[in-house]
Amino acid sequence: MSPHSSPGLVFDTPPIELETGPDPRYSVIWMHGLGADGSDFEPIVPALGLPRSPAVRFIFPHAPYRAVTCNAGYVMRAWYDIVSLAPHSRQIDEAGLLESRALVRQLIEREAGRGVPAERVILAGFSQGGAVAYLTGLTHPEPLAGIIALSTYVPSPGLLIDGFEEANRRTPVFAAHGTHDDVVAPDLGRQAVEVLRQLGIEPEWHAYPLPHSVSLDEVADIGRWLGAILRAPGHHDG
């Protein structure tokens with residue numbers, strides 16, 4: 001970790017990393033969902049169909065282990081504790097969410113030290129990981145290259161709105177949700193998009209006939225969206 005990282009905020013297991021070629025010019029930091037780990041989304045990298053150049057480094061961190069109240073206090077990998085679940089709302093531990101934001105900020109810093117500045121970093125996440133991607137990305141003081149938010153929500157709109165950084169008003173956002181999701185209701189995904197619209201951000205919204213999961217069509221759409229960012233003029237140098 002960077003020498004400037006906050007003390008005590010370290011991962012218990014190093015993130016999984018995959019590079020699509022030598023000398024990556026972009027980095028994608030991808031957060032898994034509740035109870036999964038960094039290996040969950042590793043297999044999708046080849047399916048994205050990304051261009052051979054510029055090369056991309058995919059980073060799949062593992063959330064810390066913590067007791068999850070809504071799951072009878074069982075200890076599992078979780079970006080924050082979920083205190084209670086309702087069909088259209090969540091009560092969460094904001095301190096845990098902020099701790100996870102700090103962890104992801106460390107990874108963004110580490111990429112800068114490896115030659116990939118924040119403006120070429122994309123944050124991605126599924127479910128709980130997507131909530132971390134939303135908060136970290138839109139409250140980051142430097143502009144990022146993009147945010148991918150899958151089957152997710154904004155658990156603490158106040159934290160996001162109060163901490164919003166103008167630097168990321170123009171950051172592209174890919175938001176997607178399954179219409180049959182019985183874990184994170186589609187309404188929660190749409191509410192998240194409305195929060196972003198209040199901030200002047202217009203996410204690219206996709207809906208798929210899916211439960212709480214990701215489909216091949218969705219992966220193909222993510223790949224096209226990412227490919228457009230990688231090919232954007234002026235993003236290859238520096």
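1. Let's start with helix α1 (residues 94–113), which lies across β1, β2 (26–31), β3 (56–60) and β8 (121–126) and runs at about 165 degrees to β2. Contact here means heavy atoms within 4.5 Å; axes are lines fitted to C-alpha atoms, for helices over the stretch in contact, and angles run from 0 to 180 degrees between N-to-C directions. Helices (H or I, at least four residues) and strands (E, at least two) are DSSP runs, numbered from the N terminus. Helix α4 (residues 186–198), for its part, lies across β10 and β11, at about 160 degrees to β10.

2. A word on the basis. This is a predicted model, where local features need pLDDT of at least 70 and side-chain atom pairs count only at pLDDT 80 or more, while totals for chains, interfaces and linings use all residues. Residues are numbered from 1 along each chain as its sequence is written, and side-chain values use heavy atoms, with hydrogens and water left out.

3. Now the sheet. It is open and mixed, with seven strands in the order β1-β3-β2-β8-β9-β10-β11. β1 (16–19) and β11 (204–208) are at the edges with a single partner strand each, so one side of each has no neighbour in the sheet. Neighbouring strands are turned by 15 degrees against each other on average, direction ignored. Two strands pair if DSSP finds at least two bridges between them.

4. Strand β2 deserves a look. Six of its six residues are buried, so β2 is largely enclosed by the rest of the structure; buried means under 20% relative accessible area, with a 1.4 Å probe and protein chains only. Tyr26, Val28 and Trp30 point one way, and Ser27, Ile29 and Met31 the other. β2 pairs in the parallel sense with β3 over four bridges, where Ser27 stands opposite Arg57. With β8 the pairing is also parallel, over five bridges, and Ile29 has Leu123 as its bridge partner.

5. Which residues line the largest cavity? They are Leu97, Ala131, Tyr134, Leu135, Tyr153, Val154, Pro155, Ser156 and Leu160. A cavity is a set of points on a 1 Å grid over the protein atoms alone where a 1.4 Å probe fits but cannot get out, and lining residues have an atom within 4 Å of a point. Helix α2 (residues 128–138) gives the most to this lining, with three residues. In α2, 11 of its 11 residues are buried.

Methods
On a 1 Å grid over the protein atoms alone, a cavity is a set of points where a 1.4 Å probe fits but cannot get out, and a pocket is an open set with protein on both sides within 12 Å along at least five of seven lines; lining residues have an atom within 4 Å of a point. Buried means under 20% relative accessible area, exposed over 50%, partly exposed in between (1.4 Å probe, protein chains only).
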